[in-house]
Amino acid sequence: MLQWVFVEFVRRGRAGEREGADAVNSSNATSDPAASFEPYRRRLLGLAYRMLGSMSDAEDAVQETYLRWHNADRAKVSEPRAFLMTTTTRICLDVLTSARARREEYVGSWLPEPVLDATALAPDSRTELAEDLSFALLLTLDRLLPLERAAFLLHEVFDYSFSEVASALDRSEAACRQLASRARAHVREARPRGATAPARSGEVDVKHAQLMSAFAAATQSGDLHALTALLASDVRVVTDGGGKVRAAPNVIEGADHVARFVIHAARKHEGSWWRDDFSIRFGIVNGLPGVIVDAPEGVVQTAAFEIEDGVVRALYVMRNPDKLRHLASAIAREGL
C-alpha cells in the first residue's frame, strides 16, 4: 500500500525585495549589470512563465533579457524596471509565435509545466490575480491572442498602468485597454467561481488533504461509488503525457467517466509501470493542493486538484517527463 504523507514548503519572504529593486540607480546599473539585474529576476521570471506556460522557456527568456541588459547602454536607462519588463514581454511575444506552431504538433492534451513554489514567481503587486498560477487561469491565458495575454498580465497581474502597457507593447493606450478588456472577459468567463484559492502557505489545507486521502483510498480500492461521491458532476481530468508516456489523449469529463478512468488507470499502473521505489506525497502544485510522485531519478508525475464546495472540480495531471525535468533543480534548491 502506498503511503500518503504531508509535505511542508518554506515560503520565501518577500519583504524588502521591492525596495531593493526600486533602489537600483543608474550608477549601479552602469557599474554592475548582474547586481542591478538580480532584484528584478523574480518578477521577470513570473511574467515569462505566465506568458509562456513553461519554466524552461521562461528561464531562457529571462536569460536573454539579462544579455540585452548587459549589452545595453545602461547609463541611458532611466527606469531599469520598465526596460527589463518591456524586454521580457517582447521576447515572450516572439517565443509565442513559434510555440503556437509547435503546439499544433503536440500529442494529446497540453498543460503548462507545473511549479511547486508559486511564491518564487509572485509579482510585487496586490492585485486579485497576483498569486494565481492555477492551471485553469494559465489554460485560459493560453487561448488568448499573444498581445491580449501580454496586456492582461501587465495590467491585471503586475499592476502596470495602461500608459506603461502601451509603452511595453508599442501600441496606443486605447488599443491596450481594448486588449486587456477582451482578455478580462475571457478570464472571468472561464475562471471557476468558489474554487480552491491559491495557497498562501506551503502546506496543504487539512480539509483538502482529507479529501485527497479519501480520493486515493477509493482509487486504490476500486470503490467506484465512493470515488464518484468525491467528484463534482461536471468534473474534468486533463492529463499531459506529451506523447512520451501513457496519458489520456483527450479531456475526460463527467463524474462517472472520470471515476472509471481514474480507477482503470490505477489498476493498469499497479500492474505495469508503478514501482516499489515510487513514493507519493502531498504538496502545492501551481498554488493548488496536489500530489507529487517521486522516483529515485526525480519527479515522474504531479496532480493538481481544483476543489470547490468539498468536491473535486478538476484534476490536472502532468506526466510528460520533459515538463517535469525542471522540478529536480527546484526541489534541490528549495528543499521541497
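Predicted model: local features only at pLDDT ≥ 70, side-chain atom pairs only at ≥ 80, totals over all residues.
View 1. Residues are numbered from 1 along each chain as its sequence is written, and side-chain values use heavy atoms, with hydrogens and water left out. Strands (E, at least two residues) and helices (H or I, at least four) are DSSP runs, numbered from the N terminus. E2 (residues 231–240) and E3 (residues 252–253) pair in the antiparallel sense over two bridges; two strands pair if DSSP finds at least two bridges between them.

**View 2. Strand E2 also runs parallel to strand E7.** Six bridges join E2 to E7 (residues 311–318), and Val238 has Tyr316 as its bridge partner in E7. Seven of the 10 residues of E2 are buried. Here, buried means under 20% relative accessible area, exposed over 50%, and partly exposed in between (1.4 Å probe, protein chains only).

**View 3. Tyr316 and Glu306 touch through their side chains.** Their polar contact is 3.3 Å; such a contact is a pair of N or O atoms within 3.5 Å, where, within protein, one must be able to donate a hydrogen and the other to accept it, and residues adjacent in sequence count only if both atoms are side-chain atoms. Glu306 sits in strand E6 (residues 298–308) and is buried, at 3% relative accessible area.

View 4. Met55, Ala58, Ala61, Val62, Thr65, Tyr66 and Trp69 are the buried residues of H5.

**View 5. Trp69 and Phe83 form a tilted ring pair.** Rings of Phe, Tyr and Trp (its six-membered ring) pair if their centres lie within 6.5 Å; planes under 30 degrees apart count as stacked, over 60 as edge-to-face and the rest as tilted. The count by this rule is four aromatic pairs. In the pair shown, the centres are 5.5 Å apart and the planes at 55°, so it is tilted. Trp69 lies in H5 (residues 55–71) and Phe83 in H6 (residues 80–103), 14 residues apart. Trp69 is buried, at 0% relative accessible area, while Phe83 is partly exposed, at 26%.
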